[in-house]
Amino acid sequence: MSYRHTGRAAVLGAGIAGLVTARVLSEHYDEVLLVERDELPDQPGHRRFVPQSHHAHGLLGSGRRVLVGLFPGLSAELAAGGALTPGSADPALGDRSLFLVRGATTIRIPAWWSGGFGASRILLEHAIRARVRALPNVTVLDGTPATGLLTDRSRRRVTGVRTPNRNLDADLVVDASGRNSPLPEWLERIGYRPPPRSVVHSDVRYVSVVTEPDPSFDPEWLAILGGQAASGSSVGGVVLRVEHGLLHISFGSIGRGGPVPADLAELRDFADRLTAPVVAEALRRSTPVGPIRTFRVRSNTRRHYDRAREMPGGVLALGDAASAANPIYGQGMSVAALSAVALGRVLAADDGEGFGRRAARAIAATSAEAWRLAVGEDLRYGCRTEGIRSPWAARFGEGYRNRLERAAALDPEVTAAFNDVLNLHRPLSSLGSPRIARRVLRPLRDRDPGPLSATVAAVLGAA
Ligand SMILES: Cc1cc2nc3c(=O)[nH]c(=O)nc-3n(C[C@H](O)[C@H](O)[C@H](O)COP(=O)(O)OP(=O)(O)OC[C@H]3O[C@@H](n4cnc5c(N)ncnc54)[C@H](O)[C@@H]3O)c2cc1C
């Protein structure tokens with residue numbers, strides 16, 4: 001028999017993680033408070049405390065699947081907001097692809113679902129926020145920063161959250177306040193050691209601009225990811241098609257010395273040096289509709305609440321507050337959504353015993369794969385780490401990875417397997433299965449590139 005969690009849950013932060021968590025908890029608690037320090041807009045809009053929304057946000061297939069399941073009709077709502085989505089029944093979309101440029105290799109991923117919704121983060125967040133606001137047992141308290149935890153006398157249980165104006169009692173507090181989460185510090189204040197953490201000093205820099213393409217520019221693709229400056233380079237460009245036919249173009253670098261172009265001319269110069277000329281073409285054949293934005297993330301942190309020696313009951317963390325990997329790999333929103341669903345599963349099967357520990361483990365398990373993938377990539381660029389146990393690089397050698405990427409460019413079966421892993425549908429280990437390994441390791445000349453090569457050549461500008 002499952003144990004019913006009645007009473008009130010408080011979720012801290014109304015970003016993607018907080019919104020999805022509130023939706024999940026609304027099925028298990030009588031009342032859910034969503035506590036957000038920003039003033040939330042009624043329209044799609046950027047927010048002071050979510051500056052990353054100025055930079056291209058792609059959604060993985062796994063995240064898309066979860067969001068559509070939790071918010072039926074979301075695709076159509078996004079389409080109504082101007083997004084290019086399969087739900088929009090837009091026949092012009094056809095089988096437009098996602099292109100992944102990895103050094104000298106271009107991998108075409110024909111299935112549209114891997115390209116997310118064709119919506120910006122602000123439109124996606126707005127659509128989800130509207131759905132969560134409409135839930136009868138969810139109250140959104142915006143303009144309300146959480147400032148600390150309330151506990152019972154023994155301090156063994158969190159009983160709510162402090163805000164400047166009042167204390168909010170809650171049976172469960174879920175921290176979804178993002179990568180600068182204050183939870184470790186709050187735990188220290190009430191006598192607990194902060195959880196162990198893993199850190200990668202990736203020093204990621206972004207430069208982004210939203211543009212309106214020329215009417216004549218009607219690309220065959222939906223997204224170009226990682227058009228690098230040179231093989232193995234830590235500098236790349238991303239172009240996502242977003243609502244109202246706009247392009248969200250971001251350039252990113254990992255590690256020291258990443259270029260940060262200051263104006264459009266410099267940005268164009270920089271784009272010209274990328275492996276995939278299509279990124280420069282997208283920039284050249286479109287006009288900026290807003291300023292050039294920059295962003296820097298010095299390090300990425302995973303907080304191991306599942307491994308904390310002692311935790312008070314009644315408090316959990318998920319989303320970036322628990323695991324914030326290098327954003328360049330586009331995993332964050334999907335991991336947040338997967339984690340919220342994992343929490344829901346624990347709640348549904350709960351018998352009341354050891355709930356906190358089981359929930360922390362389930363949340364950690366859903367983000368572990370994404371973290372490993374991201375760290376493995378970061379290590380290719382020599383990023384310094386702290387507390388990292390088993391890097392990706394230790395599992396598959398560099399040689400295998402290079403061959404895998406080349407095979408993924410040519411062999412549809414390897415493409416599909418690679419795509420499943422990048423989209424967090426399947427674990428990394430699936431790329432080492434005997435079936436895939438055989439295809440990866442067979443001599444390249446045995447392969448028929450088939451009809452992919454023409455499209456790939458077109459994207460690379462080589463046709
Ligand atoms: C430059 C950049 C690019 C990215 N690109 C991608 C991408 O392509 N794809 C992808 O999936 N992810 C991407 N991400 C990651 C993505 O933004 C997050 O991982 C994802 O949105 C989940 O974050 P979150 O909800 O946990 O945190 P956030 O989105 O940061 O939201 C946290 C919320 O908590 C609120 N808050 C903070 N402190 C308090 C407090 N004390 N009290 C109340 N409220 C508080 C904030 O105002 C905010 O609303 C990117 C991130 C960056 C930095």
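Two strands are said to pair if DSSP finds at least two bridges between them, and helices (H or I, at least four residues) and strands (E, at least two) are DSSP runs that are numbered from the N terminus. The model described here is predicted, so that local features need pLDDT of at least 70 and side-chain atom pairs count only at pLDDT 80 or more, whereas totals for chains, interfaces and linings use all residues. Residues are numbered from 1 along each chain as its sequence is written. The protein chain contains 14 helices and 20 strands.

**Chain overview**

- Of the 463 residues in the protein chain, 48% count as buried, where buried stands for 20 or more other C-beta atoms, placed from the backbone, within 10 Å of the residue's own.
- Among contacts between residues at least 6 apart in sequence, 73% join residues at least 24 apart, a contact being a pair of residues whose C-beta atoms, placed from the backbone, lie within 7 Å.

**Surroundings of the ligand**

- The ligand is surrounded by 38 residues, of which G13, G15, G178, G319 and G332 are the closest, with a residue taken as near if its C-beta atom, placed from the backbone, lies within 6 Å of the molecule.
- Two or more residues of this shell come from each of α1 (16-25), β16 (293-297) and α8 (332-348), and α8 provides the largest share, 4 residues.
- By residue class, the shell holds 20 nonpolar, 14 polar and 4 charged residues; Ala, Val, Leu, Ile, Met, Phe, Trp, Tyr, Cys and Pro count as nonpolar, Asp, Glu, Lys and Arg as charged, and the others, Gly among them, as polar.
- Domain 1 (8-64 + 123-199 + 299-376) and domain 2 (89-106 + 203-297) each contribute at least three residues to the shell around the ligand, the domain bounds coming from an automatic or database domain assignment.

**The sheet of 4 strands**

- This open sheet has the order β19-β17-β10-β20, and its pairing is antiparallel.
- Because β19 (323-324) and β20 (384-386) stand at the edges with a single partner strand each, one side of each is left without a neighbour in the sheet.
- Strand β10 (residues 197-201) and strand β17 (residues 300-303) run antiparallel and are joined by 4 bridges, and S198 has R302 in β17 as its bridge partner.

- Strand β7 (residues 158-162) is joined to β8 by 3 bridges in an antiparallel run, in which V161 has L168 of β8 as its bridge partner.

Note on methods. Buried ≥ 20, exposed ≤ 12 C-beta atoms within 10 Å, placed from the backbone. Contact = placed C-beta atoms within 7 Å.
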